[in-house]
Structures are given as structure tokens and as C-alpha cells.
Amino acid sequence: MDIKHVKTFCAVVKHGGFSKAAEALSYAQSTVTMHIQSLEHDLDLRLFDRLGKKTILTEPGERFYQYAIELLVIYEKAKEISREKHEVAGSLSITANESVAVYLLPGILKKFKERYPKVNITIEASSGVNELQRLREGETDIVFRIGEQLEYDGVRTVLLRQEEFGWILPEGHNDQNYNQLLQQYPFIYTEPECSYRKLVHGVLMENGAAPERTLESSSIEVIKQSVMAHLGIAILPHMVVKDAEDKGQLIYREIQMPTNIYSQAYYHGSRWQSPVQRAFVDVLLREFAVLVSDE
């Protein structure tokens with residue numbers, strides 16, 4: 001079995017057809033067809049069926065796809081083995097939401113890079129959509145986000161720290177209650193996919209503070225700057241506004257959330273881990289001394 005053929009197979013699944021896979025891989029479509037035929041011969045399986053213009057996985061193809069993902073992940077990690085004995089080197093792919101990426105992750109990475117300077121790190125901003133699926137499929141190594149402590153199949157969780165939440169108000173509004181403020185200002189929501197948006201909305205409903213006027217942004221920094229510009233009010237994690245609060249640029253009023261909210265890191269629970277991934281998880285555990293929950 002040729003690893004190139006396995007890569008081509010996964011590309012066909014990901015892109016939904018032979019022609020799109022050929023374009024993504026910079027192959028001729030005939031090359032993609034040849035790779036799939038060769039793979040089917042090696043496995044003695046029919047991997048795809050064609051329904052009109054659609055290419056769909058057969059039932060054996062669906063089963064093989066899970067193994068193919070694992071094969072590619074292990075292959076990529078095997079290439080990272082350092083030529084120098086005992087040296088940790090290679091690459092690490094991180095997906096993180098904005099709050100963690102800006103206000104928590106840099107400190108973690110600083111300590112990691114001090115210990116392992118030859119590791120190359122890629123950070124991708126998360127919109128909250130399909131991030132755990134991308135982790136399961138080997139498209140990212142570590143996922144960071146803020147939310148409730150939940151268990152997910154095939155995923156291990158590292159609790160980094162509990163996060164405080166509070167009202168974020170424009171300067172000069174210390175004495176007004178929230179209903180008065182919501183009559184004066186729109187409420188600024190995070191994007192619908194945000195891991196804690198539903199919890200924030202629940203807090204509003206429980207306190208009888210249903211906003212009649214709303215704004216929405218996918219950027220925490222935009223929300224913060226909008227509050228500072230007296231364009232609205234919001235509920236955000238304290239860590240994202242602490243500097244502005246200390247400088248007197250906005251007001252922070254802590255609130256009690258209905259459940260504990262944590263900054264968390266996720267990694268695959270059953271897949272083989274490269275030395276780089278193991279080293280990164282070890283740094284997380286040393287720095288935060290937290291519980292790791294198995295899948």
C-alpha cells in the first residue's frame with residue numbers, strides 16, 4: 001500500500017469527488033483515478049460508488065477512512081523523529097478560540113519554546129465549528145477553548161483554569177442596573193458558535209434582562225472596543241478585559257454563571273502521540289497541575 005494513494009483517497013473523501021481532489025493535490029484526474037484503483041486492488045475492496053455526478057463512500061470505504069486518517073497522522077508524525085537522539089523537534093498544530101489565543105496561549109507557548117526551541121508551531125483561530133472533528137481527523141493536534149467541562153468521545157481534556165465572567169460596561173455607568181443599561185445600550189453577543197454564548201444568554205434570561213436591541217461580533221476585541229466606545233454592553237471572561245479595567249477604560253462587574261466555565265485543552269485520546277505532542281501536554285500539566293479526563 002502506497003501512502004500517496006492513501007493521501008489521495010482521503011482527499012477524495014474530504015473534497016467530495018475525484019476532480020476536486022485532483023485540483024487540491026495538483027494532480028491530473030487520471031492520476032487520482034489510478035491511485036484509487038491501485039488502493040482498491042491492494043485492499044481488495046471497492047471504496048467508492050458513483051451516483052450520477054456524485055462520488056460516495058461504500059460501507060467498506062467508510063470503515064477504511066477511519067484507518068486512513070490514522071495512517072496519515074502516524075506517517076506525518078514519524079517524519080518528525082529527530083536525527084539527534086533525545087531531541088524533541090517537529091511541528092505542532094494548535095486550534096484556539098480568540099480569548100485563549102490572545103490572553104492565555106502566549107504564556108504557555110513561551111514556556112514550551114524555552115524547553116523545546118526546535119518545534120515549529122502553527123496557530124489557527126477557531127470559530128467553534130467542527131474543531132473537535134478536525135482534532136479527531138488529525139487536522140490539528142491540540143484544541144483550546146472556553147466552556148463547560150464536558151466529555152467527548154475519543155478526546156481527552158485538560159482543565160487549565162476556571163474563568164470568571166462579568167458584565168462589561170462603558171466607563172461612567174457604575175450605579176445603573178442592567179435593565180436600565182439595556183434600555184440605553186444594545187447587548188453585544190459573541191457569534192452563535194461561541195462555546196459560552198448559550199450560557200451567557202441563559203444568564204440574561206434568568207435575570208429578566210432580555211435585550212431588545214442586540215449587536216453581534218465574532219471578535220472578542222471588537223466587542224471590547226465597542227463597549228469602550230459606548231456602543232453597547234456585554235458579558236465576557238474577565239481575562240479579556242482585565243488590562244482595560246485596570247486602566248479605567250471600562251467597568252467589569254463579576255456575575256455568577258450557572259455552571260463552572262474553564263479554559264480547556266483537548267487532544268486525541270487513543271491516537272499515537274508524537275514526542276512533540278507529549279511534550280506539549282506535559283508542559284500544560286506542569287504549568288496548571290490540572291486533572292486530565294479520559295475519553
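**Exercise 1.** Over the ring of which residue does the charged end of R197 sit?

*Solution.* The model is a predicted one, in which local features need pLDDT of at least 70, side-chain atom pairs count only at pLDDT 80 or more, and totals for chains, interfaces and linings use all residues. Residues are numbered from 1 along each chain as its sequence is written, and side-chain values use heavy atoms, with hydrogens and water left out. Begin with the criterion, by which a charge sits over a ring if NZ of Lys or CZ of Arg is within 6 Å of the ring centre and within 35 degrees of the ring normal. The charged end of R197 sits over the ring of Y189, 4.4 Å from its centre. Next, R50 lies over the face of F18, at 4.6 Å from the ring centre.

**Exercise 2.** Classify the ring pairs F9–F64 and F187–Y189.

*Solution.* Rings of Phe, Tyr and Trp (its six-membered ring) pair if their centres lie within 6.5 Å, and planes under 30 degrees apart count as stacked, over 60 as edge-to-face and the rest as tilted. For F9 and F64, the centres are 5.1 Å apart and the planes stand at 55°, so this pair is tilted. For F187 and Y189, the centres are 4.8 Å apart and the planes stand at 70°, so that pair is edge-to-face.

**Exercise 3.** State whether F9 and F64 are buried or exposed, and name the cluster they belong to.

*Solution.* With buried meaning under 20% relative accessible area, exposed over 50% and partly exposed in between (1.4 Å probe, protein chains only), both F9 and F64 are buried. Ring pairs then link F9, F18, F48, F64 and Y65 into a cluster.
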